[in-house]
There are 2 protein chains.
Amino acid sequence: MIPTITAFECSPDEGQGLARDMRVRWALEEVGRPYDVRLVSMKALKEPEHRARNPFGSIPTYEEGELTLFESGAIILHIAERHSGLFPKDANARARAVTWMFAALNTVEPPIVEWEMAQYFEQDKSWRDDHKEMIETNVRNRLGDLSARLGVSDWIDGDFSAADIMMVLVLRRLEGSGIVEEYGNLARYVARGEARPAYKRAFKAQLEVFKAASAR
Amino acid sequence: MIPTITAFECSPDEGQGLARDMRVRWALEEVGRPYDVRLVSMKALKEPEHRARNPFGSIPTYEEGELTLFESGAIILHIAERHSGLFPKDANARARAVTWMFAALNTVEPPIVEWEMAQYFEQDKSWRDDHKEMIETNVRNRLGDLSARLGVSDWIDGDFSAADIMMVLVLRRLEGSGIVEEYGNLARYVARGEARPAYKRAFKAQLEVFKAASAR
């Protein structure tokens with residue numbers, strides 16, 4: 001059965017691949033599973049039809065027969081459990097990969113999203129710079145810890161796994177800030193992720209959605 | 001084998017049970033598993049011995065033989081997969097419970113942590129009230145969506161699960177703000193969690209750590 005995911009009809013990042021559907025696309029490409037995409041407008045996100053899929057009115061979602069999931073972390077865990085290529089076979093190594101998925105989403109991503117939101121919603125505030133500095137300190141604390149743990153390894157814990165999909169794409173949200181580049185090993189880690197054929201196929205697929213929307 | 005978890009030696013919330021070890025304690029109590037606790041001082045959190053357990057220098061961690069995990073989400077998922085009582089038996093229902101765990105941690109918790117951090121670190125800022133209002137709008141957006149989905153149900157998706165442990169404890173972080181009380185069904189949901197015998201045992205255990213530290 002081919003699953004259906006949702007993505008923004010009109011990419012808010014203009015095809016940079018920073019939206020969370022990129023995580024699910026990349027995971028599906030890594031395991032070699034085809035998928036359908038339902039494009040949703042910003043307005044439709046908040047309507048009952050989409051809220052039945054995701055009560056918070058965001059993307060991505062994942063529909064497969066009777067099952068509907070939301071939250072990129074849960075969707076990728078679901079894919080990784082059912083297809084080989086995203087989780088190590090050893091049970092302890094798998095539990096550690098799951099730990100790193102949660103670390104990406106609950107420890108590393110929150111200050112990065114705060115940084116992103118501040119760019120959008122605090123530009124006209126007199127205290128913009130003061131707050132930005134506080135947020136960037138928090139972001140650097142997380143990235144410093146992550147960089148120290150990654151060291152000279154290629155991936156965050158052993159072989160490439162679902163955790164790396166999460167972490168690479170969480171770090172990509174800082175693009176343009178120059179912050180990731182302060183940590184050479186993290187910048188190379190992101191580049192290593194972007195060089196994977198599955199990443200490239202996923203990136204191209206989301207870019208095509210943006211190009212088609214722009215051409216209309 | 002009895003696992004060892006870590007908790008703050010000196011509870012920053014003075015025994016209110018808002019630290020993340022409470023999540024793991026509650027999960028272990030629900031499945032009826034004993035556990036040991038290693039208390040860690042604020043200073044020791046940032047030292048190499050603890051960073052080997054958790055590279056971000058926080059609690060909780062979970063050690064079981066050769067396996068060391070961090071991130072409350074990953075630890076609870078690990079417990080729920082290995083012992084009955086925290087996940088539904090049906091595979092689709094289980095995937096939905098996992099979705100709600102991620103929703104608690106990656107969608108509902110981040111603005112709540114932001115609200116909490118602002119209480120600590122922005123009290124002396126001239127823009128404190130302006131920012132607080134923005135954060136509280138984000139918190140209310142999430143809680144409004146959550147309240148609409150919960151409706152008149154006892155738990156977030158079918159029977160009580162690991163997702164409810166996460167969501168109830170994430171909502172508890174707003175204690176004292178009065179915000180949860182604006183959504184009657186969410187306030188009743190939190191109270192329903194707190195009334196569970198396993199919750200009470202977990203709460204008592206963490207409170208005793210605080211009492212012992214205060215008595216020294």
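How much area do chain B and chain A bury between them, and what part of it is on carbon and sulfur atoms? In this predicted model, chain B and chain A bury about 3900 Å² between them, with 60% of that area on carbon and sulfur atoms. The size of an interface is often given as the accessible area lost when the parts come together.

## The interface of chain B and chain A

The contact draws 45 residues from chain B and 45 residues from chain A. On the side of chain B, the residues that lose the most area to chain A are Phe56(B), Phe102(B) and Trp127(B), which together account for 19% of what that side buries.

Across the interface of chain B and chain A there are six salt bridges. The side chains of Glu81(B) and Arg94(A) meet in a salt bridge with an N to O distance of 3.3 Å. The interface of chain B and chain A also holds 18 residue pairs in polar contact, both residues being at pLDDT 80 or more.

Several elements of chain B each supply at least two residues of the side that touches chain A: helix H3 (48-53), strand E4 (67-70), helix H4 (72-82), helix H5 (91-121) and helix H6 (128-150). The largest share of that side, 18 residues, comes from H5(B). By class, the side of chain B that touches chain A has 21 nonpolar, eight polar and 16 charged residues.

## Aromatic pairs

Over all chains, the count comes to 20 aromatic pairs. One of the pairs is formed by Trp100(A) and Phe70(B): the ring centres are 5.2 Å apart and the planes stand at 85 degrees, so the pair is edge-to-face. Trp100(A) lies in helix H5 (residues 91-121) of chain A and Phe70(B) in strand E4 of chain B, so this pair joins two chains.

## The two domains of chain A

Chain A is divided into domain 1 (4-85 + 198-215) and domain 2 (91-196). Taken over C-alpha atoms, the centres of domain 1 of chain A and domain 2 of chain A are separated by 21 Å. The contact takes 20 residues from domain 1 of chain A and 21 residues from domain 2 of chain A.

Domain 1 of chain A and domain 2 of chain A bury about 1700 Å² between them, 60% of it on carbon and sulfur atoms. In domain 1 of chain A, the residues losing the most area to domain 2 of chain A are Leu18(A), Arg23(A) and Trp26(A), together 36% of what that side buries.

Between domain 1 of chain A and domain 2 of chain A the count is four salt bridges. Arg23(A) also takes part in a salt bridge, its side chain meeting that of Glu109(A) at 2.5 Å, N to O. Residue pairs in polar contact between domain 1 of chain A and domain 2 of chain A number ten, with both residues at pLDDT 80 or more.

Helix H1 (21-30), helix H4 (72-82) and helix H9 (197-215) of chain A each supply at least two residues of the side of domain 1 of chain A that touches domain 2 of chain A. H4(A) gives the largest share of that side, six residues. By class, this side of domain 1 of chain A has ten nonpolar, five polar and five charged residues.

## Salt bridges

Over all chains, the count comes to 50 salt bridges. Three of those named in this report are listed here.

| Residue pair | Closest N to O distance |
|---|---|
| Arg25(A) and Asp21(A) | 2.8 Å |

Arg25(A) and Asp21(A) are four residues apart in helix H1 of chain A, so about one helical turn separates them.

## Backbone features

Most residues other than glycine have a negative phi, and most peptide bonds are trans. The peptide bond from Ile59(A) to Pro60(A) is cis, with omega near 0 degrees. Pro60(A) is placed in the loop between helix H3 (48-53) and strand E3 (61-64) of chain A. In chain B, the peptide bond from Ile59(B) to Pro60(B) is cis, with omega near 0 degrees, and Pro60(B) is found in the loop between H3 and strand E3 (61-64) of chain B.

Glu14(A), a residue other than glycine, has a positive phi, near 55 degrees. Glu14(A) sits in the loop between strand E1 (4-8) and H1 of chain A.

Key. Residues are numbered from 1 along each chain as its sequence is written. Chains are lettered from A and ligands numbered from 1 in the order in which they are written. This is a predicted model: local features need pLDDT of at least 70, side-chain atom pairs count only at pLDDT 80 or more; totals for chains, interfaces and linings use all residues. Side-chain values use heavy atoms; hydrogens and water are left out. Domain bounds come from an automatic or database domain assignment. Contact means heavy atoms within 4.5 Å. Buried area is the accessible area (1.4 Å probe) that two parts lose on being put together, summed over both. A polar contact is a pair of N or O atoms within 3.5 Å; within protein, one must be able to donate a hydrogen and the other to accept it, and residues adjacent in sequence count only if both atoms are side-chain atoms. Ala, Val, Leu, Ile, Met, Phe, Trp, Tyr, Cys and Pro count as nonpolar, Asp, Glu, Lys and Arg as charged, and the others, Gly among them, as polar. Rings of Phe, Tyr and Trp (its six-membered ring) pair if their centres lie within 6.5 Å; planes under 30 degrees apart count as stacked, over 60 as edge-to-face and the rest as tilted.
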